[in-house]
Amino acid sequence: MQFKRFLDSGSIYIPFLGAFFLFVFSLFFQPIHDWDLDSFLYLGSRLQDGKLIYIDDFETKLPLLQYLFSIPAYLGGIGAWRVVSFLTALILGSIATHLLINDLTYHLRQKTIKNHSLSIFVTGFFLLFLYSLPGSDSAHIEIFSSSFLYLSFVLMLIRREDIAHSKWHIFSAGVFLAIAALIRPNYVYLIPLFVSLAFIKDKEIRSNFLKPFLTIYFLAGFLIFILLNFLPYVFLDRGLFALINGLN
C-alpha cells in the first residue's frame, strides 16, 4: 500500500529531476571536459572530409566512434555531444525500462502496480546513476554505450511466448550489444553471458520440432552490425590492409 502511494505521488520524478539538473549543469555551467572528447570530435570532423581512422589518422578506438562523433562535430562540438548523450540515455533507458517492467508485472501477475509511474521512477534512477558516475559531466562515451548495453540486456531477459517476437528481440539484442562494444570494446567480454542467456531461452521454447536457435540469431545480429561498421574500408584502396594493421 505504501509503495502504491509512492507511485501516486510526485516523488517518482525526483531521480529524473536530479539527473536533468546534472545534465543542464554540465551543458551550461561546466566549462571544461575530458580531453578524450576533443580527440573524438576531431576525428568526427575529419570524417566530413572523407578521412578515416587507421588510414589518415591513428586511433585506438573503433570506426563507429568516428562515425558517431561526426554528428556533434557537425552540430557544434561538446555541447551537441552532451545533448546527444542525454537524449540517447533518456530514449533507450525509457524503452528498456518500459519493456522490463511490463514483462515483470505480466509474469508476476502484479496488475495493481502502475507500470507507467514505475517506469518513470526507474528510468529517472537509471539516468541519475549514469550522471553520478565519474566523467558524466563531460558526457563521456560510457553514457552512450551503457544505454545500448542496458537495452540489449533487457531484450535478453524479457520473455515472449511468440517465437517471431523472441527472434526479433534476440537479434536486436545482438545489434545493440555490438553498438555498445564498438564504442567501449571492453563490453566484448560480456558476449559469453549474452550467449548463455540466448541458449537458455532457446531451451525454453519447445513449440515446434525445428528449434528457433535463438543463440544464432543473437550472434547474427552482433556480427552483422560489426561487419557493417567496417564495410567502408572494403571499398577503399588498401583499406582492408589499413584496417587490419589498425586493429592489430
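Student: What makes aspartate 34 a cap of the N-terminal end of H3 in this predicted model?

Tutor: A side-chain oxygen of aspartate 34 lies 2.8 Å from the backbone nitrogen of aspartate 36. The cut-off for a polar contact between N or O atoms is 3.5 Å. The pair is within that limit, so aspartate 34 caps the N-terminal end of H3.

Student: How do you know that the span of H3 is close to the expected one?

Tutor: Helix H3 covers residues 35-47, which is 13 residues. From its first C-alpha to its last it reaches 19 Å, and 18 Å is expected at 1.5 Å a residue.

Student: Which residues of H3 are buried?

Tutor: They are Leu37, Phe40, Leu41, Leu43 and Gly44.

Student: Why are the buried residues of H3 said to line one face of the helix?

Tutor: Seen down the axis of H3, they fall within an arc of 160 degrees, so they line one face. An α-helix has 3.6 residues a turn, so residues three or four places apart point the same way.

Student: Now the rings. How many aromatic pairs does a search of the whole structure find?

Tutor: The search finds 18 aromatic pairs.

Student: Why is the pair of phenylalanine 23 and tyrosine 131 called edge-to-face?

Tutor: Their ring centres are 6.4 Å apart, and the limit for a pair is 6.5 Å. Their planes stand at 75 degrees, and planes over 60 degrees apart count as edge-to-face, so that is the label.

Student: What makes this a link between distant parts of the chain?

Tutor: Phenylalanine 23 is in helix H2 (residues 14-29), while tyrosine 131 is in the loop between helix H6 (115-130) and H7. The two are 108 residues apart.

Student: Are phenylalanine 23 and tyrosine 131 buried or exposed?

Tutor: Phenylalanine 23 has a relative accessible area of 7%, and tyrosine 131 has 5%. Buried means under 20%, so both count as buried.

Student: What kind of pair do tyrosine 54 and tyrosine 233 form?

Tutor: The pair is tilted, with 6.1 Å centre to centre and 35 degrees between the planes. Stacked needs under 30 degrees and edge-to-face over 60, so an angle of 35 degrees leaves tilted.

Student: Where do tyrosine 54 and tyrosine 233 lie?

Tutor: Tyrosine 54 is in the loop between H3 and helix H4 (63-75), and tyrosine 233 is in the loop between H10 and helix H11 (239-247). They are 179 residues apart, and the pair links distant parts of the chain.

Student: Why does tyrosine 54 count as buried?

Tutor: Its relative accessibility is 13%, which is under 20%, so tyrosine 54 is buried. Phi of tyrosine 54 is near 80 degrees, a positive value in a residue other than glycine.

Student: Why is arginine 238 called exposed?

Tutor: Arginine 238 has a relative accessible area of 54%, and exposed means over 50%, so the word applies. Its phi is near 60 degrees, also a positive value in a residue other than glycine. Arginine 238 sits in the loop between H10 and H11.

Student: Which residues do ring pairs link into a cluster?

Tutor: The cluster consists of Phe40, Phe69, Trp81, Phe144, Phe148 and Phe176.

Student: Which members of the largest nonpolar core touch the most other members?

Tutor: Of its 59 residues, they are Phe69, Trp81, Met156 and Phe218. Leaving out residues up to four places away in sequence, methionine 156 touches residues including Ile170, Phe194, Leu197 and Phe218.

Student: How do you know that isoleucine 141 is buried?

Tutor: Its relative accessible area is 0%, under the limit of 20%, so isoleucine 141 is buried. It lies in helix H7 (residues 141-157). Neighbours within four places in sequence aside, its contacts include Phe40, Phe69 and Trp81.

Student: Why is asparagine 229 called buried?

Tutor: The relative accessible area of asparagine 229 is 3%, again under 20%, so the label holds. Asparagine 229 is in helix H10 (residues 214-230). Not counting residues up to four places away, asparagine 229 touches Pro63, Leu64, Tyr67 and Leu182.

Student: What does the secondary structure come to?

Tutor: The protein has 11 helices and zero strands. Buried residues make up 44% of its 248 residues.

Note on methods
Residues numbered from 1 in each chain as written. Predicted model: local features only at pLDDT ≥ 70, side-chain atom pairs only at ≥ 80, totals over all residues. Heavy atoms only, no water. Helix = DSSP H or I, 4+ residues; strand = E, 2+ residues; numbered from the N terminus. Expected span 1.5 Å × (residues − 1). Buried < 20%, exposed > 50% of the residue type's maximum accessible area, 1.4 Å probe, protein only. Arc of directions from axis to C-beta. Polar contact = N/O pair within 3.5 Å; in protein donor to acceptor, adjacent residues only side chain to side chain. Contact = heavy atoms within 4.5 Å. Core = buried A, V, L, I, M, F, W, Y, C linked by side-chain atoms within 4.5 Å. Phe/Tyr/Trp six-rings, centres within 6.5 Å; stacked < 30°, edge-to-face > 60°.
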